[in-house]
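Please find below a short note for a colleague who is meeting this structure for the first time. The points follow the display of the sequence and the structure.

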Amino acid sequence: MPLATPPAPQRLRTGARAAVTASGLWRAYGSGEAQVVALRDVSVAFASGAFTAIMGPSGSGKSTLMHCLAGLDTTDRGTVEIGGVSITGMGDKVLTKLRRDKIGFIFQQFNLLPTLTAEENILLPASIAGAKADPAWIHQIIATLDLQDRLSHKPTELSGGQQQRVACARALATRPEVVFADEPTGNLDTRSGTEVLRFLRKSVDDFGQTIVMVTHDPTAAAHADRVVFLADGQIVDDLQAPTADTVIDTMRGFENHAPIAGEAR
Amino acid sequence: MLRATLKGMAARKARLALTSLAVVLGSAFIAAALVLTASIQSTVDDLNGASYADAEVLVRPVEPETRGERLVREGVSAETLAAVEATEGVGDVSATVYWMINAIGDDGKVVGGFAPTLAVNWGDRSTDRDLREGRAPETDREVAVSAEFVTDAGLGLGDTVTAYSATTDKTEYAIVGVYGYPGDRDSLGGETELAFTTAEAQRLVFDGENVYSMIAVDAAEGADTDELLAAIQATVGAEAEALTREAYTAEMSAETAEATSMIGKFLLGFGLVAVFVSIFLIANTFTIVIAGRLKEIAMMRAIGAGRGQIVRSVLAEALLLGAIASVIGAAVGVAGGAVLTTVVADSLLTAGSSSLAIPPTAVIAALAVGIGVTVLSALVPAVRASKIPPVQAMRDAVKADKPITGLTATGVVVTLAGAAAMALGLTERLGSDDADLMAAAGGAGLVFIGVTLLTAWLSKPLVGALGLLWSWSFAGKLGRRNAGRNPRRTAVTAAALMIGVTLVTATATLLTSVKESLRDYYEDNVEAELFVSGPLTASVTPSFDPAVMDEIRAVDDVDAAVELYYDLADIDGTEQYVNTTTDFEGIIGLFGGEFAEGETTTLADDEIAVNRSAADQLGVGVGDTVTATFSRGEEPHEFTVTAILVDNENTDGWYVAPAYTEEFYTTKPTMALVDVADGGDVAAVTAAVDGILADEPEVSVLNHEEFTEQATVFLDYAIIAIQLLLGLAMVVAVIGVVNTLILSILERTRELGMLRAIGMTRGQTTRMVTVESVTIALFGAVLGIGVGLALGWGLQNALAERSIDVFAVPTPLILGYLVAAVLVGLLAAIAPAVRASRVDILSAIAYE
């Protein structure tokens, strides 16, 4: 996948407030012999207004980390804070509300509602909250994503790239504290994938959005300000201002000595 | 292949169990119907077998040519009784006098409604009567009563009871004894009984004539029954008829068989409706099951399974499911039939014991219908499954909805064909009654099937419109869109409820129209504001003392009050309704009658008036002579037709002078009309007449509304009975909706996970599923109400010529159906909604 990666300037805003913080996270599945430890004492902070990628091989625990950070999964030990509020131990109702108001999601499978039009899908989080979305903001996202002509289309009438752009718009529609993107380019062709990544990049640069993206694609990770490497449930490296090459090099480096753990979800 | 099928079934236990419930219900109803019918018959046979148990030969009056109530006049004379006693080979002889009478209970009302009150002569041998308290009646003012009478009338030993027949005045009797029947029963078949001295029984039943209703003959020692029968028949000649006890019992059984088969047919009808409805449910389940196994089936095809094998594997599953469900259904049905038999035997027959009969046909029919329907319903999904291309195994199952154009076109054609057939049949264009009926019924069936085919097409606009109800809530909006997502599935799911609601709506609409037509008719044609009459369900025609008429006429604001007597008489050899009144002109005026020929205001003793069609039936006109014999009349009378009335339901029949009331079966008036002066106080008149009728327990004063209610009370029973059908359809509908929702939720797990991930609460998820459920159920109900109203309207129009000329919508019932549909939706949503709200977000959005 030879893709021209833009030269990477120093984009980390040092001293920025942390949007999401994890401290001492442990997460294990199963019990006894069959127990798989997905996260072992993971502590990491994600700066507000930054684009961070989480990388790692299959089973490294990157998805588990993201699910724990997003309040979708519970932790065995350790705490997660979003916007300075600890979400650990929150009940389902409060967590649901938190996800609704403070978190945006972008999934690999787009996950748009087939019964709704593109515009209705974008407004979905606000609709669920029973709130009115900020029209100027929505207009701005739609314009940035070049979706003006597709608003009345149903997802089945959209290409994969268009669907994922709608999903991006949906994630940003409520101006969440943080957007979690789970392999957002995994189901897309290269061109569409790049479009999505460029938008994510732009939303960080222009709108100050915080984005945490799980990916196994070094090229995708290169769009981020920082890459956190996970292996066997632990953070093994932390790369600032990555390029595709530095990411690949880093991965090679720890793949040589880190054993590949079994499937962790 | 079979093993794969079995394993597959084991994995889908819950869904299959739900589906088979519908089959279980259907076959259970069928088995129960047959068991109940057979058991009631056998129970009643046992009861009948016990009457005249020690007689060999029975002698009864010859039935007259024209039956009806004239029958009661007949009796076997005392001379015949003496002759029978003197016949060779005759042992003990006993004579029975019995017929229906009225007795007034502790509450001042006539005892019994549907169940008759009988008078009998104490000491007869129609059955054994065991005195429980007191003694036998010895004088004409004493009576022994059955234990059932004590319960129903609230009167017991030492009390005084007022009793009277159609021909006698109210008489008071002292209750000197209370008796039961063999087997410690209070009653033989729900009736109440009063045992008088023979003379008093004859006074009540035969107006004092020394005749008997039945003579029971024992054979003398060593006498042959056949010879005895011949000898007795020779003795009694043409006056009476002799028959063996066995022949009599067989006759009674045949009579009760008619009644029991009615109950049986009713239950059988329920069973068939349940089975019909479950066809949709089963077909839907198999479609669902196959949809869930697309990849598996494609994989099997890819590794070499033939189309036939796929079809067979699905059918094998259906066969097994049908077999299990119908075995359970048959068992439940037999058990239910047994319980029902006990209930019916206890409540209707008050038989202490019932005899259970399980005809093999009950089990066979239940199994055959259950298995047959299941396999047939699975046929279409099975064939569809076999057409899945092997390549489907390799790619993600994309379920593009097949276009419903073909389905819709077929639906339109079938519906129109059905409507046309109905129209032809109902307007009687086909020449013969049978052909008309077939066309009408077949047409209705076609309309049904046609609309069922159209449901998929109708679901889009209708579900959309219904969903607007929930548009205030976002979860509701999503639920509504989900309901409209798969028109075929929504349609099939809603069909179960639609069918039930269509049936009940059509019936209720027709019956309500009949009622309204009648009410309108009275309103338009009857001058009188008030009626005096009694309930039609009474075993003895309600009547009252004509003396009250003068009191009623004396009430302020009463312009006119006219009483009416009626009899079922023999005129020129045919059975005809004959009326009389002391005020012929009054009755014709108040009922809005008109003369077609030969107007008259009074009738002389040899004059008769009649409506046009009755006159045409006998081929008589003004000036012609007819011969009439009344129920109690010994002699025929000749009458000259002096007037012909225009046909009018209220005045139809023959009219004679009041001189003949003594020869009528009911010698007292059965009805009266009261005309209140214009501007008069109807309420005050009603109250006054009510007071005058205080001593007339059989009748009351009614306005048009109440009179219509009383006249159409049997329609109310029919309406209630038909609602039970809806209950059954609702049960099946709930199962169907649950099935569909669970499938939809399985299919939409990822969606639900996403919604929950981006912040949809459990409550919202629950609401979304509930709205989908309620919308589907309401869709079925609305469709059913629509089709039902259309069918009802068609039927009413067809009957318009028979004076069902008002189309009335049973609004409260229809609102009830909508409420019922919402209930179905809510009930069906419970399990799926819980399931949806508990979707594990992580596994729902996980990929790979």
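1. What is the accessible surface of chain A, and how much of it belongs to carbon and sulfur atoms? The surface comes to about 11,000 Å², and carbon and sulfur atoms account for 49% of it. These values, like those that follow, come from a predicted model.

2. Chain A contains 9 helices and 10 strands. Of its 265 residues, 54% count as buried. Where contacts in chain A join residues at least 6 apart in sequence, 71% of them link residues at least 24 apart.

3. Strand 6 of chain A covers residues 103–106. Ile103(A) and Phe105(A) point one way from this strand, while Gly104(A) and Ile106(A) point the other way; all are buried. Strand 6 runs parallel to strand 7 of chain A (residues 178–182), and 4 bridges join the two. Within strand 7, Phe180(A) is the bridge partner of Phe105(A).

4. Chain B has 24 helices and 24 strands. Its C-alpha trace spans about 100 × 75 × 55 Å along the principal axes. Of the 848 residues in chain B, 53% are buried. Among its contacts with a separation of 6 or more, 82% are between residues 24 or more positions apart.

5. Over all chains, the structure holds 15 aromatic pairs. One of them is the edge-to-face pair of Trp137(A) and Phe207(A), with 5.1 Å centre to centre and 80° between the planes. Because Trp137(A) belongs to helix 5 (residues 135–144) and Phe207(A) to helix 7 (residues 190–207) of chain A, the pair ties together parts that are 70 residues apart in sequence. Trp137(A) counts as buried, at 3% relative accessibility, whereas Phe207(A) is partly exposed, with a relative accessible area of 23%.

6. In chain B, Phe630(B) and Phe664(B) form a tilted aromatic pair, 5.3 Å centre to centre with 50° between the planes. Phe630(B) lies in the loop between strands 20 and 21 of chain B and Phe664(B) in the loop between strands 22 and 23, so the pair ties together parts that are 34 residues apart in sequence. Phe630(B) is buried at 0% relative accessibility, and Phe664(B) is likewise buried at 0%. Ring pairs link Phe630(B), Phe639(B), Tyr660(B) and Phe664(B) into a cluster.

How values were computed
Residues numbered from 1 in each chain as written. Chains lettered and ligands numbered in written order. Predicted model: local features only at pLDDT ≥ 70, side-chain atom pairs only at ≥ 80, totals over all residues. Heavy atoms only, no water. Buried < 20%, exposed > 50% of the residue type's maximum accessible area, 1.4 Å probe, protein only. Pairing = 2+ DSSP bridges. Contact = heavy atoms within 4.5 Å. Areas by Shrake-Rupley, 256 points an atom, 1.4 Å probe, with all protein chains shown as cover. Phe/Tyr/Trp six-rings, centres within 6.5 Å; stacked < 30°, edge-to-face > 60°.
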